Amino acid sequence: MTLLALGINHRTAAIDMRERVAFSPAQIESALTQLRALPDVREAAVLSTCNRTELYCITVDEGERQLLEWLGAFHGMPAEELLNCAYHYHEGEAAKHLMRVAAGLDSMVLGEPQILGQLKDAYQIARQHAGLGSELERLFQQTFSVAKQVRSETSIGENPVSVAYAAVSLASRIFDDFGRARALLIGAGETVELVARHLREAGIMGLTVANRTLARAQALADECGGRAIELSAIPQALEQADIVIASTASELPILGKGMVERALKVRRHRPIFMVDIAVPRDIEPEVGDLADVFLYSVDDLQQVIAENRRHREVAARQAEALIDTGVEHWLHERRVRGAGDLIRRYRQHGEALRRDSEAEALAQLARGEDPETVIKRLSHQLANKLMHGPTLRLREASGQSRHDIIQAADNLLIEGPAKTQDSV
């Protein structure tokens with residue numbers, strides 16, 4: 001049996017294909033049950049996010065075709081449609097892929113942390129529904145350990161590499177306690193939605209969403225625990241806003257220098273942090289000339305993002321080294337466990353020979369035979385029984401010029417000088 005990882009992701013498949021093979025939360029239990037019912041699958045886990053669908057299985061060598069056909073059948077599509085966008089890895093490469101996913105190295109945004117939580121959810125679901133056995137259990141535990149090490153020993157997740165996160169990160173330099181700050185978001189598109197989420201996670205005290213369509217603003221405000229206003233109410237909202245982030249499709253600026261000046265007077269010149277993500281700009285450039293305004297454009301953010309991406313790439317190289325070490329550790333432990341069955345059978349064989357020899361010796365003693373003679377006969381017979389099989393196979397290997405077997409036997413059967421504790 002081998003470890004096999006099979007899937008598609010944002011690098012290999014367009015979003016319409018990813019949508020077709022994604023598993024909803026309600027489907028995961030059924031998928032795990034079906035996977036485990038396949039004749040060649042011993043263990044299974046399913047990871048499904050907006051950017052990837054992946055199967056991790058303990059199965060037979062070259063079992064990827066069976067998994068690909070099952071994945072297509074589950075989603076009602078021919079396996080051939082998946083051939084051009086699916087990838088698969090075996091053993092160490094499969095373990096390395098999983099660890100890279102957990103560390104955010106295989107993500108659309110390098111180093112993003114959300115995927116680790118999604119992977120932990122996939123692990124828990126597989127565990128709850130009998131998808132995991134000892135092999136995947138150990139693999140996931142090693143993966144989580146490596147991901148934790150990557151987060152603690154590198155700066156892979158410290159520098160923002162998205163416009164939304166960079167905007168919030170810059171705001172944190174001005175306001176060290178978001179719990180006492182209020183934010184005004186102008187627009188209700190995807191970027192503003194991400195900004196709202198980051199601000200909420202950072203513990204913002206108050207959040208106002210202004211949009212030309214009030215219903216859209218209300219939907220985002222409800223999601224983030226804020227309030228919604230129309231664009232006409234911005235002057236009043238600006239008087240309470242410590243943070244302003246704008247991203248609309250307006251062809252003309254929404255915030256002018258005069259409007260901001262009036263708000264600053266009411267605020268008694270308490271500073272306002274502003275980010276204009278829109279192109280064309282939503283905030284007049286002259287607003288940045290005001291003494292109590294910190295104004296950044298989308299170009300300013302792109303410079304921050306580019307620099308931070310370079311920092312993450314350095315951290316990513318460090319993370320790759322940690323992952324390589326983690327994979328080697330996992331492979332070593334797996335090889336050690338792989339000898340476990342042979343070791344058990346060898347010890348059982350030796351124990352059976354011992355019991356037979358012991359029973360025969362006790363019977364001889366019970367008949368009154370000389371104890372010294374019995375002990376000598378016991379040791380001689382037991383030694384012969386233990387050496388008989390290996391001796392025959394060594395002679396056969398020598399006759400066939402199997403020098404590899406001869407060398408292995410020399411290492412296994414002939415005990416060298418006793419190792420000290422330090423040399424183990």
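Q: Is Asp106 buried or exposed?
A: Buried, in this predicted model: the relative accessible area of Asp106 is 7%, and the cut-off for buried is under 20%.

Q: Which residue does Asp106 form a salt bridge with?
A: Arg11, with the closest N and O atoms 2.9 Å apart.

Q: Which residues are linked in a network with Asp106?
A: Arg11, Arg52, Glu54, Arg100 and Glu320 are linked with Asp106 in a network of salt bridges.

Q: How many salt bridges in the whole structure?
A: A search finds 25. One of them joins the side chains of Arg334 and Glu135, at 2.9 Å from N to O.

Q: Which helices does that pair link?
A: Arg334 is in helix H13 and Glu135 in helix H7 (residues 134-153), 199 residues apart. Arg334 is buried at 13% relative accessibility, and Glu135 is buried at 17%.

Q: And what does Arg402 pair with?
A: Asp404, with the closest N and O atoms at 2.8 Å. Here Arg402 is partly exposed at 35%, and Asp404 is partly exposed at 45%.

Q: Switching to the cores. How many residues are in the largest nonpolar core?
A: It has 62 residues. Those with the most contacts inside it are Phe23, Leu35, Leu55, Leu67, Trp70 and Phe140.

Q: Which helix gives the largest share?
A: Helix H13 (residues 298-338), with eight residues.

Q: What is Phe140 in contact with?
A: Beyond its neighbours within four places in sequence, Phe140 contacts Ala45, Leu98, Leu119, Tyr123 and Leu132. There is also a second, separate core of 33 residues, which includes Phe175, Ala188, Val192 and Leu220.

Q: How many disulfides?
A: Zero, from a search of the whole structure. As for cysteines, Cys85 is buried at 8% relative accessibility, and Cys224 is buried at 8%.

Q: Last one: where is Gln364, and what does it touch?
A: Gln364 is in helix H14 (residues 340-366) and is buried at 7%. Not counting residues up to four places away in sequence, Gln364 touches Glu369, Val374 and Arg377.

Note on methods:
Residues numbered from 1 in each chain as written. Predicted model: local features only at pLDDT ≥ 70, side-chain atom pairs only at ≥ 80, totals over all residues. Heavy atoms only, no water. Helix = DSSP H or I, 4+ residues; strand = E, 2+ residues; numbered from the N terminus. Buried < 20%, exposed > 50% of the residue type's maximum accessible area, 1.4 Å probe, protein only. Contact = heavy atoms within 4.5 Å. Disulfide = S-S within 2.5 Å. Core = buried A, V, L, I, M, F, W, Y, C linked by side-chain atoms within 4.5 Å. Salt bridge = Lys/Arg side-chain N within 4 Å of Asp/Glu carboxyl O.
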